[in-house]
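Q: I'm new to this one. Can you walk me through it?

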Amino acid sequence: MLDRDGYRPNVGIIIINRQNQVFWGKRVREHSWQFPQGGIKQGETPEQAMYRELMEEVGLGPQHVEIIGRTRDWLKYDVPTNWVRREWRGTYRGQKQIWFLLRLTGHDSDVCLRRTTHPEFDAWRWTEYWSPLDSVIEFKRAVYESALFELTRFFEEAPERVARAIRFSGH
């Protein structure tokens, strides 16, 4: 399902723990790490897709998390042509995403990467809020930065403390 501009609707999920560290998942059989994300199916709302992807990729249900917030609008990234399947070239440009910020209300032991027969991740860890920007694949970096920056408005911390953390991290 592509929109008229060639973007596939998608959700991105940032899960934070009580220390405001973010969940970072390692792709199966790869050395790349990312936030959980996935496509929105026909007839699904972004929130429904988020809960489905959360269960499929991380094994967490609504009882394990609290929605803190979401991005106001779609964030888009283009996928380099050499990454696009041949049959999609010329029509597919990339992804547009609504990003959700969730707080884990359950326990680390609730995470189950093997909930489905086709897991997305084979390892996970908690990392500092801004750390993913240093290791995310280049063509997604601006969207990750935009999502992380926009979602800081939901933190209870004083805005100047968040701004200092951003300056300190170099982002």
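This is a predicted model: local features need pLDDT of at least 70, side-chain atom pairs count only at pLDDT 80 or more; totals for chains, interfaces and linings use all residues.

Q: What does aspartate 122 form a salt bridge with?

A: Aspartate 122 pairs with lysine 26. The closest N and O atoms are 2.9 Å apart. Aspartate 122 sits in strand β8 (residues 121–127) and lysine 26 in strand β2 (residues 22–27), so the pair ties together parts that are 96 residues apart in sequence.

Q: Is lysine 26 buried or exposed?

A: Lysine 26 is buried, with a relative accessible area of 15%. Aspartate 122 counts as partly exposed, at 29% relative accessibility.

Q: And which residue meets glutamate 120 in a salt bridge?

A: That is arginine 27. The N to O distance is 2.8 Å. Glutamate 120 lies in the loop between β7 (94–104) and β8, while arginine 27 is in strand β2, so this pair ties together parts that are 93 residues apart in sequence.

Q: How accessible are glutamate 120 and arginine 27?

A: Glutamate 120 is partly exposed, with a relative accessible area of 28%. Arginine 27 is partly exposed too, at 22%.

Q: What about glutamate 150? Which side chain does it meet?

A: Glutamate 150 meets arginine 72 in a salt bridge, at 4.0 Å from N to O. Glutamate 150 is in helix α3 (residues 138–151) and arginine 72 is in the loop between β5 (65–70) and β6 (75–78), so the pair ties together parts that are 78 residues apart in sequence.

Q: Where do glutamate 150 and arginine 72 fall, buried or exposed?

A: Glutamate 150 counts as buried, at 16% relative accessibility. Arginine 72 counts as exposed, at 61%.

Q: Which residues do salt bridges with shared partners join into one network?

A: Glu44, Arg52, Glu53 and Glu56.

Q: OK, zooming out. How many helices and strands are there?

A: Four helices and eight strands. Read along the sequence, the pattern is β-β-β-β-α-β-β-β-β-α-α-α. The radius of gyration is 16 Å, close to the 16 Å that the globule rule gives for 171 residues, so the protein is as compact as a globular protein of that length.

Q: What does the C-alpha trace span?

A: About 45 × 35 × 30 Å along its principal axes.

Q: How much of the protein is made up of buried residues?

A: Buried residues make up 47% of the 171.

Q: And what share of contacts join residues at least 24 apart?

A: 73%, among contacts between residues at least 6 apart in sequence.

Q: New topic. What does UniProt list for residues 6–149?

A: An unreviewed UniProt entry lists that stretch as "domain: Nudix hydrolase". Over those residues the chain is 20% helix and 34% strand. The end C-alpha atoms are 26 Å apart.

Q: Which residues does it list for the short sequence motif?

A: Residues 38–59, under "short sequence motif: Nudix box", again in an unreviewed entry. That span is 59% helix and 9% strand. Its end C-alpha atoms lie 14 Å apart.

Q: Let's look at glutamate 57. Where is it?

A: Glutamate 57 is in helix α1 (residues 46–58).

Q: What is the nearest side chain of opposite charge to glutamate 57?

A: Arginine 27, which is 5.6 Å away. Glutamate 57 has no salt bridge, yet is buried. The cut-off for a salt bridge is 4 Å.

Q: Which backbone nitrogen lies 3.2 Å from a polar atom of its side chain?

A: That of glutamine 37.

Q: What else is glutamate 57 in contact with?

A: Leaving aside neighbours within four places in sequence, glutamate 57 is in contact with Pro36, Gln37, Leu113, Glu120 and Phe121.

Q: Last one. Where does isoleucine 40 lie?

A: In the loop between β4 (37–39) and α1. Isoleucine 40 counts as buried, at 9% relative accessibility.

Q: What does isoleucine 40 touch?

A: Not counting residues up to four places away in sequence, the list includes Met1, Pro9, Asn10, Val11 and Trp74. Thr45, Pro46, Ala49 and Arg52 are also on the list.

Q: How far is isoleucine 40 from arginine 52, by C-alpha atoms?

A: The two C-alpha atoms are separated by 9.4 Å. Along the chain, isoleucine 40 and arginine 52 are twelve residues apart. Arg52 is also part of the salt-bridge network with Glu44, Glu53 and Glu56.

Methods
Residues are numbered from 1 along each chain as its sequence is written. Side-chain values use heavy atoms; hydrogens and water are left out. UniProt positions are given in the numbering used here, feature names are shortened, and annotations may be inferred rather than shown by experiment. Helices (H or I, at least four residues) and strands (E, at least two) are DSSP runs, numbered from the N terminus. Buried means under 20% relative accessible area, exposed over 50%, partly exposed in between (1.4 Å probe, protein chains only). Lys and Arg count as positive and Asp and Glu as negative; His and the chain ends are not counted. A polar contact is a pair of N or O atoms within 3.5 Å; within protein, one must be able to donate a hydrogen and the other to accept it, and residues adjacent in sequence count only if both atoms are side-chain atoms. Contact means heavy atoms within 4.5 Å. The radius of gyration is taken over C-alpha atoms; the globule rule is 2.2 Å times the number of residues to the power 0.38.
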